[in-house]
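Okay, everyone's here, so let's get going. I'd like to walk you through some helices, a core and a couple of ring pairs.

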Amino acid sequence: MTGAAASESLAIQPDDVRIIRALQVAPRASFASIAAALELTEGTINRRYRRLHADGVIRVVGVVNPGALGQSRWLVRLRCRPGSVTAIAGALAKRDDVNWVALGAAGSEVTCATQSRDQAQREELLGQRLPRTAAVLDINAFAMLRQFMGGRGHYWAALHGVLSPKQEAMLGSDGPPFTESPVVTDEPVHLTDEDEKILDALAADGRASLVTLAAAADSTPGRVSRRLRVLLQERVVHIDVEIAPAALGYHARANLWLRVHPSEVKNVGRTLAREPEIAFAAAISGPYNVHAVAHCRDLDELFEFTSDRIGALPGLQSMEVSPVLRHIKQAGTLLSGDRLAGPTVRA
């Protein structure tokens with residue numbers, strides 16, 4: 001379904017937003033549990049969820065934490081020749097070591113996030129393939145040093161307050177909450193072949209049943225249940241709810257590049273993590289030492305947010321606001337127009 005067709009077919013209702021919030025809190029909760037918490041029927045939850053999924057508003061996916069596996073994570077900004085960005089962005093989106101891709105700067109810039117399993121994979125992309133691409137005029141790569149927001153339990157907070165504390169407590173949780181931490185752990189987890197198959201199945205459908213996961217991993221539901229519990233507890237994977245922001249009225253997205261005094265980087269990162277407009281925030285290497293992603297309803301709201309609240313942060317020395325023209329991929333999910341199209345096809 002194209003973005004235009006999806007927009008015409010979809011009208012988000014208050015109950016839809018409540019269901020999305022319930023899934024944020026407990027992505028693998030049964031429809032019966034969600035129905036009990038929201039005081040709706042199980043059939044209503046089932047029907048509305050499937051419609052939201054079909055129209056590309058939400059995807060529940062398993063997202064691997066590369067840091068738990070000892071993988072480095074980098075943000076990359078590419079300045080490209082006019083007319084070449086779509087092809088470059090599309091090629092990057094097909095790679096399984098690139099988990100989000102966006103177009104900005106009036107169509108001449110591609111921003112992407114990479115997660116490399118080893119130095120050889122990182123060098124293949126950043127040190128060889130991209131520099132040899134004639135259409136790429138300039139490359140800047142920044143290592144992620146500390147993640148302040150993003151990941152299970154610290155979701156985009158724009159829907160905070162949609163459900164009551166009692167309703168959220170009824171739903172429980174599908175894993176430990178996100179806590180600020182180094183991007184790469186000291187003792188990386190080593191995955192088995194069975195783990196890899198479980199994670200691949202969750203990447204396609206984060207709500208896949210234990211029976212489905214067991215079939216994918218050539219295992220049993222009981223064994224898969226135990227292994228999934230371990231993978232969640234060790235933060236190897238979190239079950240995330242990917243949302244198409246435009247479907248909820250958030251049409252202005254931007255990458256924020258902040259230059260902050262070193263003594264204030266932690267405080268700025270933690271403050272950004274509490275802002276409902278911020279979907280991701282991390283400390284990075286390079287001249288801009290904090291990066292964040294903001295979702296606002298329009299450019300005027302983006303201006304007010306960045307000038308009044310971000311601009312007033314102690315220690316902020318300068319800021320670049322780079323509006324996103326189009327997202328190609330987010331958290332491993334490809335986009336079609338302003339709607340989620342599905343999991344990426346591995347190259």
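This is a predicted model: local features need pLDDT of at least 70, side-chain atom pairs count only at pLDDT 80 or more; totals for chains, interfaces and linings use all residues.

So, which residues of H8 are buried? They're Glu194, Asp195, Ile198, Leu199, Ala201 and Leu202, where buried means under 20% relative accessible area and exposed over 50%, with partly exposed in between, using a 1.4 Å probe and protein chains only. Those residues cover an arc of only 160° around the axis, which puts them on the same side of H8; the arc is that of the directions from the helix axis to the C-beta atoms.

Numbering runs from 1 along each chain as its sequence is written, and side-chain values use heavy atoms, with hydrogens and water left out.

Back to H8, then. Its buried residues pack against strand E1 (58-64), helix H9 (210-217), helix H10 (221-233) and strand E7 (237-243), contact being heavy atoms within 4.5 Å. The labels are DSSP runs numbered from the N terminus: helices are H or I with at least four residues, strands are E with at least two. As for length, the 12 residues of H8 (residues 193-204) should span 16 Å at 1.5 Å a residue, and the end C-alpha atoms are 17 Å apart, which agrees. The expected span is 1.5 Å times one less than the number of residues.

Next up, H4, residues 42-54. Thr44, Ile45, Tyr49 and Leu52 are buried. They cover an arc of only 120° around the axis, which puts them on the same side of H4. Over on the other side, Arg47, Arg50 and Ala54 are exposed. The cover for the buried residues includes helix H2 (14-25), H3 and E1. Just after H4, Gly56 takes a positive phi of about 70°.

H2 also holds Arg21, which counts as buried at 2% relative accessibility. The side chains of Arg21 and Glu168 are joined by a polar contact of 3.0 Å. That term means a pair of N or O atoms within 3.5 Å; within protein, one must be able to donate a hydrogen and the other to accept it, and residues adjacent in sequence count only if both atoms are side-chain atoms.

Now Leu38, in helix H3 (residues 31-38). Leu38 is buried, with a relative accessible area of 2%. Leaving out residues up to four places away in sequence, Leu38 touches Arg18, Ile19, Ala22, Ile45, Leu163 and Gln167. The C-alpha atoms of Leu38 and Gln167 are separated by 6.9 Å, although the two are 129 residues apart along the chain.

Last, the rings. There are two aromatic pairs: rings of Phe, Tyr and Trp (its six-membered ring) pair if their centres lie within 6.5 Å, and planes under 30 degrees apart count as stacked, over 60 as edge-to-face and the rest as tilted. Phe31 and Tyr49 have ring centres 5.5 Å apart and planes at 55°, so that pair is tilted. Phe31 is in helix H3 and Tyr49 in helix H4, 18 residues apart.
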